[in-house]
Amino acid sequence: MQTSPSHGGSITCGGPRYDRAKEAKEFDETKAGVKGLVDSGVAKVPRLFIHPPENLRDLSTNTDGAATGLEVPIIDMMGYRNSRRRDVVNDLCRAAETWGLFQIINHGIPVDAMDGMLEAAKQLHEQPEGVKREWYTRDDAKRFGYYCNGDLLRSKAATWKDTIWFDFSRGVLDPEAVPLLCREPVFEYERHIEKLNTSLSELLSEALGLDSDYLGGIGCMKSKRMSCHYYPICPQPELTVGTVNHSDASFLTLLLQSNHGGLQARHQNQWIDVSPVPGAILANIGDFLQLVSNDKFKSVQHRVLARQAGPRVSVACFLFPGEMQKSKPYGPIKELLDENNPPMYREISFTDYFGYYLFSGNGMNGEAVLPHFRVSESK
């Protein structure tokens, strides 16, 4: 759900005669994606994908919990409907306040459904170019599609990633719009995600000290978009990234990742590896949940490294308002405010927020978007 704005022109790493816009357009027209580059035997990262120094700073794969003493919280949802509900709510609250992300286990999604979804995503990305070319599009009105980099034509540098998406945000997705080879696992996984979404909406409401149906009642996690990312093996990972440092604009993101690492989160001013946990779903707080919680829950900066191992496959479900709620204003929840806790943000619709997130450029260049909407900075 991110993109970045820079249009065309030269960049330092390519020299004064490098026409970035022209090269991006020509690459886009191949419809081959990064996977196509790798399949062609490319031994060097094309300059279109070489990032400026600020994006390559502090790249490291030696940031595991054992090395830093910091590990992403693991929350066991076993018994959350009865005896352990208060414990689960408290664990969620601490993780959302301090980390902004957490690994969830015993969440109710069968391992077979998760494995099937990851395998389906992998198979889709590894279809012959001639097959994938038929799916290639930058038309967001489509409910299913494939592209290389949502911001390819605007960003300063492309990332080492291809994406296939399924849009569940505008009512029921027609199964006929989805390729047959992935139809069953995609719809099965989506059904389970919807149940988990409902449970987390209730638990996060309680973690905010509200009635369990509060977040569901304001429709903030009513719809979803599922993005299946594919990060091929990279010949020069020190020159590019899989995904640039960013926070999500969503209310909440639920991530399923393969056993190839590369995901990192920013915590206590350092990058921490978010290593895959067998059977876990990774949840991270998005910007809009930080806004409505008035900074109680924290949106987290994260990135994906390019690596010589792989491919890495992940399935991200972005949860955000439904079609009827996207244009209505959201602000800090009034029940959370008092004299000692005044509103930190002005009201804004998700549509307007996401528009600024995309086209300001901040959403994908490591700069926080939320400060622009703080009350002290409004005019």
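**A short tour: helix, sheet, cysteines**

Start by selecting α1 and α2 (33–39): the buried residues of α1 pack against α2, where contact means heavy atoms within 4.5 Å. Before going on, note that this is a predicted model, in which local features need pLDDT of at least 70, side-chain atom pairs count only at pLDDT 80 or more, and totals for chains, interfaces and linings use all residues. Residues are numbered from 1 along each chain as its sequence is written, and side-chain values use heavy atoms, with hydrogens and water left out.

Helices (H or I, at least four residues) and strands (E, at least two) are DSSP runs numbered from the N terminus. Now colour Arg20, Glu23, Ala24, Phe27 and Asp28, which are buried in α1 (residues 20–30); buried means under 20% relative accessible area with a 1.4 Å probe, protein chains only. They lie on the same side of α1 because they cover an arc of only 135° around the axis, taken from the directions from the helix axis to the C-beta atoms.

Next, show the open sheet of four strands, ordered β6-β11-β8-β9 with antiparallel pairing; strands pair if DSSP finds at least two bridges between them. Its edge strands are β6 (241–246) and β9 (270–273). Zoom in on β8 (residues 263–267), joined to β9 by four bridges; alanine 265 has isoleucine 272 in β9 as its bridge partner.

Finally, select cysteine 228. Its sulfur is 7.8 Å from the closest cysteine sulfur, in cysteine 182, too far for a bond. The whole structure has zero disulfides, a disulfide being a pair of cysteine sulfur atoms within 2.5 Å.

Definitions and conventions
Buried < 20%, exposed > 50% of the residue type's maximum accessible area, 1.4 Å probe, protein only.
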